[in-house]
Amino acid sequence: MKPVIVCIDDEQIILDNLSMELNEQFGPDYEIELADSGDDALDLVDQLIGQERKIAVIISDYRMPQMTGDELLERLNQKLPHTAMIMLTGHADMDMLIKTVNKARLDGLLNKPWKREELATMVRTALNNFTLKEALRTQTQRL
């Protein structure tokens, strides 16, 4: 089974654009899964974990109803400590960045609207980080 990239945003057009661009760049090697809220993302991740799927990258919007992106990523970090986390936001300010980095252990921050090259580079870097973390975890278990 292919590893998974999970995208979370409460705006369907953003999810559609992420899905299209990520499928073009990474579709042959990764499956793209979408969620439109923090609660849906938690359910999706639980389902993927139950299927023993590897979740390589999570891309989450910051501003969503009921649960902010940093709250969501903090919770997901507890379940998926080796998964790369990217925050997507159109409302970046210094307080939010500090809070998010501290709570969510970000691997990247991407501003809306993003440029195709920036998205591809950030996700590729996050995928490399995930691969390295997985290799380190495997080596550590062997030792």
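Student: Why is helix H1 called oblique to helix H5?

Tutor: In this predicted model, the axes of H1 (residues 12-26) and H5 (residues 116-142) cross at roughly 60° and come within 11 Å. Angles under 35 degrees count as roughly parallel, over 145 as roughly antiparallel, 65 to 115 as roughly perpendicular, and the rest as oblique. That makes H1 oblique to H5. The axes are lines fitted to C-alpha atoms over the stretch in contact, with angles from 0 to 180 degrees between N-to-C directions.

Student: What makes residues of H1 and H5 count as meeting?

Tutor: Contact means heavy atoms within 4.5 Å. Leu-18, Leu-22 and Phe-26 are among the H1 residues in contact, and Leu-119, Val-123 and Leu-127 are among those of H5. The residues of this contact divide into seven nonpolar, one polar and four charged. Here Ala, Val, Leu, Ile, Met, Phe, Trp, Tyr, Cys and Pro count as nonpolar, Asp, Glu, Lys and Arg as charged, and the others, Gly among them, as polar.

Student: How do you know whether Glu-52 is buried or exposed?

Tutor: Compare its area with the cut-offs. Buried means under 20% relative accessible area, exposed over 50%, partly exposed in between (1.4 Å probe, protein chains only). Glu-52 has 73%, so Glu-52 is exposed.

Student: Why does Gln-66 count as exposed?

Tutor: Gln-66 has 74% relative accessibility, so it counts as exposed.

Student: What is the phi of Gln-66?

Tutor: Gln-66 has a positive phi of about 70°, although it is not a glycine. Most residues other than glycine have a negative phi.

Tutor: Residues are numbered from 1 along each chain as its sequence is written. Local features need pLDDT of at least 70, side-chain atom pairs count only at pLDDT 80 or more, totals for chains, interfaces and linings use all residues, and side-chain values use heavy atoms, leaving out hydrogens and water.

How values were computed
Helix = DSSP H or I, 4+ residues; strand = E, 2+ residues; numbered from the N terminus.
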